Amino acid sequence: SITDLRSILEFTSTLAREAGDLILEGSKAIAASGDVNSKKNSVDLVTEYDVRVEELVREEIKKAYPGFQFIGEESYSAGVRPDLTDDPTFCVDPIDGTTNFVHGFPFVAISLGLIYKKRPVLGVIYNPFLDYLYTGIEGHGSYLSKNKQIPQKLPLSAPRPLPSLSGALIAVEWGSARSQTAAGSKAESFLRLAGDPNHANPVEGGRMAHSLRSLGSAALNFSMVAQGGLDVYWEIGCWAWDVCAGIVIGQEAGCYVTGGHDGPRDGNVTPEILLGRKYLIVRAIADSETEKGIDAQKRI
Ligand code: IPD
């Protein structure tokens, strides 16, 4: 049953730590062997460990919650694509930040989201390299436990008002779509966000954010906005498993999340939103100025 979200959270957190051990083991093995495959191009990477971690997680979930559905990044790529129904459904990215994982850049996470009646209701994101565990249950807040310490409620610092994007620290990602058109319009958006509009910056509507960041993991970008270290994260190209857990953790920290091809979430997430590929999470409730600035980015 779905009634006891707290015990599901305990199970999911333990599972995330177990998966984290396998991710760390994999990181050592990859450093020694360099064994990596590409999915659609040379920057869309998958390793043996993405598959192994997903199998571990799927099996453990099946044992503990045989009635739950499962959507996972790797089984989805292999053609196992269950419809999103009203049933409790785990939505899992076994290794979010595979490129970081391959390079030994320690921003890598397992992301475990639970959807019920088409709403993300529980999220666990675990970075085993830093031993940061982010958790959230809809209606009960979100938390960060660093190095197995007592969980701290998110955000860790009071949200600053965001009068415009100009004072913001903004996460964006290059993603794996790198055609001239895709990469070119992303670059243009990045310039529009961070370039100085008063100094020969040809990009109309430039905002000059404090700076741009890319953690290389959508789940960790969401977590960092929830924590308060980033003000905004915007990306086109995410998948449901990249963001499902992050949606709960972000919203429970008071963030505004909008996604897919729709407007702001009003509490219900449709499959189109969840499976849409364009996400925005803002630390404070976005005011119209912030939204206008972000809207300018929707040209991509
Ligand atoms: C990717 C990462 C990356 C983001 C992509 C995601 P993966 O997930 O989160 O930062 O830019 O949109 O698909 O492939 O490492 O699981």
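Helix α2 covers residues 48-64, 17 residues in total, so at 1.5 Å a residue it should span 24 Å. Its end C-alpha atoms are 25 Å apart, which agrees. The expected span is 1.5 Å times one less than the number of residues. This is a predicted model: local features need pLDDT of at least 70, side-chain atom pairs count only at pLDDT 80 or more, and totals for chains, interfaces and linings use all residues. Numbering starts from 1 along each chain as its sequence is written.

**Helix α2**
- Tyr-49, Asp-50, Val-53, Glu-54, Val-57 and Ile-61 are buried (20 or more other C-beta atoms, placed from the backbone, within 10 Å of the residue's own; exposed means 12 or fewer, partly exposed in between).
- These buried residues fall within an arc of 135 degrees seen down the axis of α2, so they line one face of the helix.
- The arc is that of the directions from the helix axis to the C-beta atoms.
- Glu-59 and Lys-63 are exposed, on the other side of α2.

**The ligand**
- 15 residues surround the ligand (C-beta atom, placed from the backbone, within 6 Å of it).
- The closest are Thr-98, Glu-173, Gly-175, Ala-218 and Gly-237.
- Domain 1 (5-153) and domain 2 (165-297) both give residues to this shell, so the ligand lies between them.
- The domain bounds come from an automatic or database domain assignment.

- Helices here are DSSP runs (H or I, at least four residues), numbered from the N terminus.

Conventions. Helices (H or I, at least four residues) and strands (E, at least two) are DSSP runs, numbered from the N terminus.
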